[in-house]
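Here is a short briefing on one protein model. Look at the structure first, then read the notes by topic.

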Amino acid sequence: MASLISSLRFALPPNSWISALPSPSSASPAIPPTYEAYPFSIPDSLYQALLDPRVPLTIAAVYAAVVHTFNTRCDGTPYRISKTRAFKLFVIAHNLFLAVYSLWTFIGMTMAVHRSIVTTRGVSGVVESLCKIRPETRFGANLTQLPEDVMGQGSVGMWEEGLAFYGWLFYLSKFYEVIDTAIIIAKGKKSSLLQTYHHAGAMICMWAGIRFMSPPIWIFCVFNSLIHTLMYTYYTLSTLHIRVPNALKRSLTSLQITQFIVGGSGAAIHLFIYFTPTTTASLVSSPSAPSSTDDMMANSSMSGQHPAETDMVACLSGPGEVWALLATCFYLAPLTYLFVSFFVDSYTHKGKVRRASRAAALAQKQR
């Protein structure tokens, strides 16, 4: 316990992190994956092009506008296409694909986290592995002069071990997931605020996490891919008319709410973590000149210049990582509220009374 207390502290983050809003054009570009163990390679130009901020912002805005347009025209009548055999087969294939893809992502990300965590250097080694997910944020800019004894388990970092690959693909999957909304609209139903906000916000938050290589984004990838594996498996079974107990659907909603609370809290705590470095102390006393704003902030963080703990370093390594984390937390707060409201409306007595009251009011209005 004494070693844990001496190697880990919680304190307020530097004020400069909160005040310095990063610009995607001035921040260091996200590093494409180069690890040979990946199933396929991603061209660097494509990797960077799809991380242009205009991509998620444009798609999210168009998505929200299109959904609003269809919602205003919705009268409860299903579109003709929803009655066709081709549509039903497509819905099955869509849900099955996302179930399998989500499982693949969950396995890939879980293995990446496992490979990157250093367990031989105590608590600080584990924390350092989860905080400093890139070699340059852990070892400093002068990577060519690393002593051999610091290389080995976790030296590549979680970013290269899998987050750069699986995380980027998971970010792209958020664009494809809007097909869920298209299916709902085709069946003559309105897209709820929960549905629209969920998809649009996920695009932007995943973009921020991958674009600025923010360590907490691994939590979103792991938790969300697991929940989606279960959720789309349930959707597939329902589409195949295989009876699934209502308790399972209720449990899935509960798990989604849990992932937002636990995952959001786990991400937010990164802001306040300081730890004793296990591999950087002898390497950052005279780091090379930083090449960007993010590198400057990383070197400042790694030097451990904090009023309370000058021998410790901050978990995060600059304003880009911080703002990506804050964007996710601000997105999750109203999303959690919307999911809790959905749970109350769908599965509680209070919700049943509320739905009955709305139905009665609608019937009275239509008379």
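Cys329 is partly exposed, at 21% relative accessibility. Here buried means under 20% relative accessible area, exposed means over 50%, and partly exposed lies in between (1.4 Å probe, protein chains only). This is a predicted model: local features need pLDDT of at least 70, side-chain atom pairs count only at pLDDT 80 or more, and totals for chains, interfaces and linings use all residues. Residues are numbered from 1 along each chain as its sequence is written, and side-chain values use heavy atoms, with hydrogens and water left out.

- Cys329 is in no disulfide. The nearest cysteine sulfur belongs to Cys205, 9.0 Å away.
- A disulfide is a covalent bond between the sulfur atoms of two cysteines. The rule used here asks for a pair of cysteine sulfur atoms within 2.5 Å.
- How many disulfides does this rule give? The count is one disulfide.
- The partners are Cys131 and Cys315, with sulfur atoms 2.0 Å apart. Their link is left-handed, with -95° about the S-S bond.
- This pair links distant parts of the chain, 184 residues apart. Cys131 lies in helix α6, while Cys315 lies in the loop between β3 (313-314) and α14.
- Helices (H or I, at least four residues) and strands (E, at least two) are DSSP runs, numbered from the N terminus.
- Cys131 and Cys315 are both buried.

**Salt bridges**

- Side chains of opposite charge can pair when their charged atoms come close. A salt bridge is a side-chain nitrogen of Lys or Arg within 4 Å of a carboxyl oxygen of Asp or Glu.
- The count by this rule is five salt bridges.
- Glu161 and Arg115 form one of them, at 2.9 Å from N to O. Glu161 sits in helix α8 (residues 158-176) and Arg115 in helix α5 (residues 85-116), so the pair ties together parts that are 46 residues apart in sequence.
- Is Glu161 buried or exposed? Glu161 is buried, with a relative accessible area of 7%. Arg115 is partly exposed, at 30% relative accessibility.
- Glu321 pairs with Arg134 in a salt bridge, and their closest N and O atoms are 3.2 Å apart. Glu321 lies in helix α14 (residues 319-347) and Arg134 in the loop between α6 (122-131) and α7 (135-139), so this bridge ties together parts that are 187 residues apart in sequence.
- Glu321 is buried, at 4% relative accessibility. Arg134 is buried as well, at 9%.
- Lys174 forms a salt bridge with Glu177, with the closest N and O atoms 3.3 Å apart. Lys174 is buried at a relative accessible area of 2%, and Glu177 is buried at 4%.
- Salt bridges that share partners join Arg134, Glu136 and Glu321 into one network.

**Helix α10**

- Helix α10 covers residues 193-211 and has 19 residues. At 1.5 Å a residue, α10 should span 27 Å, and its end C-alpha atoms are 27 Å apart, which agrees. The expected span is 1.5 Å times one less than the number of residues.
- α10 is mostly covered, with 16 of its 19 residues buried.
- Met213 follows α10 and has a positive phi, near 50°.

**Nonpolar cores**

- A nonpolar core is a set of buried Ala, Val, Leu, Ile, Met, Phe, Trp, Tyr and Cys residues joined through side-chain atoms within 4.5 Å.
- The largest core has 43 residues. Which of them touch the most other members? They are Tyr47, Trp159, Leu163, Tyr171, Ile210 and Trp218.
- α4 (54-73), α5, α8, α10 and α11 (217-239) each supply at least two residues of this core. The largest share, eleven residues, comes from α8.
- Leaving aside neighbours within four places in sequence, Tyr171 is in contact (heavy atoms within 4.5 Å) with residues including Leu50, Val55, Met203, Trp207 and Ile210.
- A second, separate core of twelve residues includes Leu8, Val127, Cys315 and Leu326.

**Annotated transmembrane regions**

- The unreviewed UniProt entry annotates residues 86-107, 216-237, 257-275 and 322-344 as "transmembrane region". UniProt positions are given in the numbering used here, feature names are shortened, and annotations may be inferred rather than shown by experiment.
- Residues 216-237 are 95% helix and 0% strand, with end C-alpha atoms 32 Å apart.
- Residues 257-275 are 63% helix and 16% strand, with end C-alpha atoms 30 Å apart.
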